Amino acid sequence: MNITHEIYMLGTSVWSQLTMIAPYWAMGLTIGSLISVYLSDKIASKIAALTTERLWAIFPASFLGVVSPLCMFGTVPLIATLGKKGVPQHILAAFMVSSVLLNPNLLLVSFVLGFEIVAARLALALLCGILAGTAVLYGFRGRTLFSFDRFPDQAGKRRYLISNLLKAVRITAPYLLLGVALTALSERYIQPEWIAGIFGTRRGLGVLFATVLSVPLYICGAGTIPLINAWLVAGMGTGDALTFMLAGPATKINNLSAVKMILGVKNFFLYLAFVIGFAILSGLIIGRFL
């Protein structure tokens with residue numbers, strides 16, 4: 001093996017992946033930061049206004065979760081604040097679950113994979129939030145889902161656009177580079193027929209494989225996009241890819257630790273079972289049509 005040649009080929013692959021995803025990543029960070037600075041308070045106020053016990057309020061709550069640019073360590077304190085203000089827990093559940101699965105930055109970066117997958121990912125994130133809110137509305141009547149004891153009331157701090165954008169770059173850039181590096185290694189050393197064999201010919205097992213792989217490999221949403229794209233080219237099914245993109249955020253360590261702060265042990269495992277079950281079922285259904 002010619003080491004110099006291998007390094008050159010890996011470098012070429014890394015550069016190719018970066019030029020493909022970097023414009024979407026930069027656009028996503030910019031729009032996400034604009035929403036975070038100028039619209040976060042409005043999003044919070046819209047959620048706070050959803051005080052009805054009726055089913056219809058779950059729909060806007062799920063939508064607001066998707067458009068919220070906050071990471072889970074920003075979303076969880078917001079949920080605690082809203083919960084203490086009397087916002088019903090089914091509305092908070094819909095907002096939280098859809099926010100875990102998708103945000104504006106991740107939605108824009110996903111366009112690398114094509115409009116069809118973006119539309120499916122958006123629809124599934126909204127649906128998962130709606131179903132979560134519905135389950136809490138009818139399954140937790142008279143029962144407590146959230147615990148906010150660990151969150152004292154605090155005044156919010158104003159975030160400015162430049163500092164917010166720089167912080168987003170600092171947090172996401174290393175994971176993006178890691179994802180690109182993993183993609184380059186995958187393209188260079190994993191044969192396409194292996195991917196096709198795992199995902200392309202075993203529809204049910206492919207969804208399960210995607211779920212299992214999402215746990216260690218889903219480090220950052222933007223960083224996994226080039227990896228998923230390479231797997232799709234190699235033969236991964238659309239349903240398998242969507243399962244990976246649903247189960248990954250739900251089981252990402254940072255998100256799990258944040259969610260566990262406001263859920264007891266039993267409710268935390270109910271959350272995991274619900275979201276992973278939704279990811280697997282969605283992948284199986286989508287895989288039959290896309």
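Leaving aside neighbours within four places in sequence, which residues is L217 in contact with? They are T224, L227, W231 and F244, where contact means heavy atoms within 4.5 Å. This is a predicted model, in which local features need pLDDT of at least 70, side-chain atom pairs count only at pLDDT 80 or more, and totals for chains, interfaces and linings use all residues. Residues are numbered from 1 along each chain as its sequence is written, and side-chain values use heavy atoms, with hydrogens and water left out.

**Around L217**
- L217 sits in helix α10 (residues 203-217); helices are DSSP runs of H or I with at least four residues, numbered from the N terminus.
- With a relative accessible area of 24%, L217 is partly exposed (between buried, under 20%, and exposed, over 50%, with a 1.4 Å probe and protein chains only).
- Between the C-alpha atoms of L217 and F244 there are 9.5 Å, and the two are 27 residues apart along the chain.

**Helices α12 and α14**
- Helix α12 (residues 238-251) packs with helix α14 (residues 265-286) at an angle of about 170°, their axes 7 Å apart; axes are lines fitted to C-alpha atoms over the stretch in contact, and angles run from 0 to 180 degrees between N-to-C directions.
- The pair is therefore roughly antiparallel (angles over 145 degrees).
- Contact residues include L242 and L246 of α12 and V275 and I276 of α14.

**Helices α5 and α7**
- Helix α5 (residues 89-101) and helix α7 (residues 115-139) have axes that come within 7 Å and cross at roughly 155°.
- That makes α5 roughly antiparallel to α7.
- Among the residues making the contact are A93 and V97 of α5 and A125 and R121 of α7.

Key:
Helices (H or I, at least four residues) and strands (E, at least two) are DSSP runs, numbered from the N terminus. Angles under 35 degrees count as roughly parallel, over 145 as roughly antiparallel, 65 to 115 as roughly perpendicular and the rest as oblique.
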